[in-house]
Amino acid sequence: MRVSRLVYRSFLQGSKLLSGRSTQFTSPLASYSRNVPGEKDFNPIKRTGNILKNDLIRLKNEVIGIFHPGSENQQTKDIDEPHKYYSWQHNCDVLIVGGGVIGSSIAFFLLENFPGAMNVTVIEKDPTYTKCATTLSCGGLRQQFSLPENILMSQFGAKFLRELPRRCGIEGMDPPDVQFHPQGYLFLATESGAEQLTLNHDVQMDLGVKNVLLTKEQLQKRFPWLNTEDIELGCLGLENEGWFDPWTLLNALRSKAIALGAHYVQGEGVGFEFTEMPDVIISGDDSGLPYNRVNKLVVRLETGEERKVTFSNCVIACGPSSGHIAELANVGSGPGMLAFPLPVEPRKRYVFNVHCPKGPGIDLPFVIDPTGTYVRREGYGGNYICGRSPHEGEPEPSTANFDVDHDFFDQCVWPHLAHRIPAMQELKVKSSWAGHYDYNTFDQNAILGPHPYHHNLYFATGFSGHGLQQAPAVGQAIMEMMVEGQLTTMDLSRFTFDRILVGHKVLESNIV
Ligand SMILES: Cc1cc2nc3c(=O)[nH]c(=O)nc-3n(C[C@H](O)[C@H](O)[C@H](O)COP(=O)(O)OP(=O)(O)OC[C@H]3O[C@@H](n4cnc5c(N)ncnc54)[C@H](O)[C@@H]3O)c2cc1C
């Protein structure tokens, strides 16, 4: 099978290239009514009337804003009442399915860069965000990856976090504070892993990461509480590593995106619809079947009612559910390029919060043991969070629920912790939670950009445990691919879906 040429078309270009005429593309300058009452308004005259009406309302609000700066408008209402997502959109330029940190970052970057130029609508099924990966994550940011792409994305993330108060600040509200705890990661390696750790360090140094390799003796001296008997080498981060509050980042991106005009709609994407376009030929598609352009999402509202939203471009940013949502667009069940599923599924991961009065305290970096067991400080009162992913061959816990298996701590986490940090032989599990990784079963890395057949269907998913810190970079990259037609800030071209078609894995050695 031939793989289509890797071109990121802007949506203006895209619609012209594909059909030779303007189809579903909505001019960036066109504005759609936020509260169009029903399907009947697809009548062109009524729709034009609605657009004009909407422009007048917006003009009125702007004029009122000039003379009465404190007056309430729809945007501040949305921010103050985040659960009231009722501004239904019939049409949009960019539809984002999933309003977690990734979807919200994409909305923010699109609108920060092109304010007022396009209708960005985000469909989010659960605005309480209690079960999404973002809010259940450990909030870690690190530069210690083996792939240049992952390092670049985390560097971008670290810089963005510094700029967050300015870039996501909203007039009249406190600037967002993600409560960043600067503390390096300490990756440890046994004899067999030392070479890989050194190679990773070299890649990191080439990209300007500040960290240091420590021998067994140096580790013993620097961290006297660490058991180094089976350790050969460690790598300690000196800058741009630590952890922060995931909810604050999500909320900051979402609130600012709303302030910039994004429409957040509460509802669940349950199906896609297509328009047959026999005059369009897709490079690499040898199925011989007419091209079916995906252009509508069926959304089930809280009330059970189903509505359709027409889009020019759609981004699947559904975290662990992304593979399932892609299936609804026939990704994985169609002919030719559509035969390959989006390899993203939920994988349950436990996080245990332990109290250990004799633990290393503030001296503890974010330790990653060679067994994959991790531990970091949580506050200053002798509390820590820890966990680990199942090893190859170990059973994956069921993702049917968010229950925690406490035996997993006793059998799979604690023995490694107690071995590495003997003071942790005495500890008490205070609480625990489970979250679902958006796990890429193909190569555990991000899948970013358009599908080679559905050129207007983008993926931003598959982060497998490191998506929170990559969210700003993803927002930037999707914005560049979609609107500017090329990646200019970071070369993430190896992370496109095309690698799945050709079976080329891009493997990261530092998956936690
Ligand atoms: C236990 C744990 C620890 C982690 N630790 C870290 C870490 O230390 N550092 C790090 O960088 N990353 C970490 N991660 C990974 C990180 O949290 C995720 O990669 C990232 O949050 C993914 O963001 P997302 O927006 O894609 O997904 P989510 O946060 O899951 O958001 C997806 C959203 O899509 C919505 N949705 C799903 N289906 C639909 C639908 N059909 N219609 C409408 N909406 C839908 C969901 O309701 C959800 O709000 C961790 C993850 C877990 C689970």
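**View 1. The largest nonpolar core of the predicted model.** This core holds 56 residues, of which Leu249 and Leu448 touch the most other members. Two or more residues each are contributed by strands S1 (91-97), S2 (120-124) and S19 (457-461), and by helices H4 (101-113), H5 (148-167), H8 (246-259) and H11 (467-484). Helix H11 supplies the largest share, ten residues.

**View 2. The surroundings of Leu448.** When neighbours within four places in sequence are left aside, Leu448 is in contact with Met153, Phe459, Ala460, Phe463, Val474, Met481, Leu492, Phe495, Thr496 and Phe497.

**View 3. The crossing of helices H4 and H5.** The axes of H4 and H5 come within 14 Å and cross at roughly 65°, and H4 passes H5 in a left-handed crossing. On the H4 side the contact is made by Phe108, Phe109 and Glu112, and on the H5 side by Phe156, Phe160 and Arg167. Sorted by class, the residues of this contact are four nonpolar and two charged, with no polar ones.

**View 4. Arg162 in helix H5.** Arg162 counts as exposed because its relative accessibility is 58%, where exposed requires over 50%. The side chain of Arg162 is joined to that of Asn240 by a polar contact of 2.6 Å. Along the chain Arg162 and Val178 are 16 residues apart, while a distance of 9.6 Å separates their C-alpha atoms.

Note on methods
Residues numbered from 1 in each chain as written. Predicted model: local features only at pLDDT ≥ 70, side-chain atom pairs only at ≥ 80, totals over all residues. Heavy atoms only, no water. Core = buried A, V, L, I, M, F, W, Y, C linked by side-chain atoms within 4.5 Å. Buried < 20%, exposed > 50% of the residue type's maximum accessible area, 1.4 Å probe, protein only. Helix = DSSP H or I, 4+ residues; strand = E, 2+ residues; numbered from the N terminus. Contact = heavy atoms within 4.5 Å. Polar contact = N/O pair within 3.5 Å; in protein donor to acceptor, adjacent residues only side chain to side chain. Axes fitted to C-alpha atoms, helices over the stretch in contact; angles between N-to-C directions. Left-handed = near helix turned anticlockwise from the far one by under 90°. Nonpolar A, V, L, I, M, F, W, Y, C, P; charged D, E, K, R; others polar.
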